[in-house]
Amino acid sequence: MTGLTLLVVEDHDDSREMLRQMLTAVGARVLVAEQGAHALAILAREHPDVILLDLLMPVMDGFVFAQHVQRERRWVDIPIIAVTALGEIQDYLRTWQEGLAGHLTKPVGQAELVSVIQRVTTGRRASQTRRRRIAGRGPEPPR
């Protein structure tokens with residue numbers, strides 16, 4: 001996780017701090033926002049590798065926030081993982097339908113959290129390497 005920048009968007013102080021501590025402990029750089037508008041302000045100046053998003057937030061819920069991110073060309077490549085209390089099958093389906101990269105139900109353990117982040121960033125990094133290689137700006141693959 002070293003070298004990754006993660007944005008945690010969570011309205012509950014305890015949950016936000018728990019996620020920050022878990023992710024910092026494995027070497028990630030962690031940005032935190034307590035609500036959607038604050039997270040959008042952070043995105044205006046930072047480009048995290050992954051967004052970890054609570055879906056049940058006041059003012060701007062997680063799905064509305066995700067739609068804002070997905071509509072912006074400069075942010076569309078950032079995978080969003082829901083970290084939420086919503087754990088019914090219809091919640092997982094909606095998360096998938098809304099284009100989020102993952103869905104974790106609270107309480108989430110460090111191993112599960114790291115595993116999902118690694119899954120979404122591994123595919124993303126491989127895709128970026130392929131695009132750079134095709135454009136003539138990246139290393140050749142090992143033979």
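Author: The answers below go from the overall fold to single residues. This is a predicted model, in which local features need pLDDT of at least 70 and side-chain atom pairs count only at pLDDT 80 or more, while totals for chains, interfaces and linings use all residues. Residues are numbered from 1 along each chain as its sequence is written, and side-chain values use heavy atoms, with hydrogens and water left out.

Reader: How many helices and strands does the protein chain have?

Author: The protein chain has five helices and five strands. Helices (H or I, at least four residues) and strands (E, at least two) are DSSP runs, numbered from the N terminus. Read from the N terminus, the elements follow the pattern β-α-β-α-β-α-β-α-β-α.

Reader: And what is the order of the strands in the sheet?

Author: The order is β2-β1-β3-β4-β5, in an open sheet of five strands with parallel pairing. The edges are held by β2 (29–33) and β5, each with a single partner strand, so one side of each has no neighbour in the sheet. From one strand to the next, the twist averages 20°; for such angles, axes are lines fitted to C-alpha atoms, for helices over the stretch in contact, and angles run from 0 to 180 degrees between N-to-C directions.

Reader: What does pairing rest on?

Author: Strands of a sheet pair through backbone hydrogen bonds, either parallel or antiparallel. Here, two strands pair if DSSP finds at least two bridges between them. Strand β4 (residues 80–84) and strand β5 (residues 102–105) are joined in the parallel sense by four bridges, and valine 83 has leucine 104 of β5 as its bridge partner. Strand β3 (residues 50–53) also pairs with β4 in the parallel sense, over three bridges; there, isoleucine 51 has isoleucine 80 of β4 as its partner.

Reader: Which unit do β4, α4 and β5 make?

Author: They make a right-handed β-α-β unit. A crossover is right-handed if, with the strands pointing away from the viewer, the path from the first strand over the helix to the second runs clockwise.

Reader: Let us change topic. How many salt bridges are there?

Author: The count comes to seven salt bridges, where a salt bridge is a side-chain nitrogen of Lys or Arg within 4 Å of a carboxyl oxygen of Asp or Glu. Side chains of opposite charge can pair when their charged atoms come close. One of the bridges joins arginine 16 to aspartate 13, with the closest N and O atoms 2.4 Å apart. These two residues are three apart in helix α1 (residues 13–25), which means that about one helical turn separates them.

Reader: Is arginine 16 buried or exposed?

Author: Arginine 16 counts as buried, at 14% relative accessibility, whereas aspartate 13 counts as exposed, at 54%. Buried means under 20% relative accessible area, exposed over 50%, and partly exposed in between (1.4 Å probe, protein chains only). Of the 143 residues of the protein chain, 41% count as buried.

Reader: What does lysine 106 form a salt bridge with?

Author: Its partner is aspartate 54, and the closest N and O atoms are 3.5 Å apart. Lysine 106 lies in the loop between β5 and α5 (110–134) and aspartate 54 in the loop between β3 and α3 (62–71), so the pair ties together parts that are 52 residues apart in sequence. Lysine 106 is partly exposed, with a relative accessible area of 25%, but aspartate 54 is buried at 2%. A network of salt bridges links Glu10, Asp54 and Lys106.

Reader: Which peptide bond is cis?

Author: The bond from lysine 106 to proline 107 is cis, with omega near -5°. Proline 107 belongs to the loop between β5 and α5.

Reader: What about the phi of valine 59?

Author: Valine 59 has a positive phi of about 70°, although it is not a glycine. Valine 59 sits in the loop between β3 and α3 and is exposed, with a relative accessible area of 90%.
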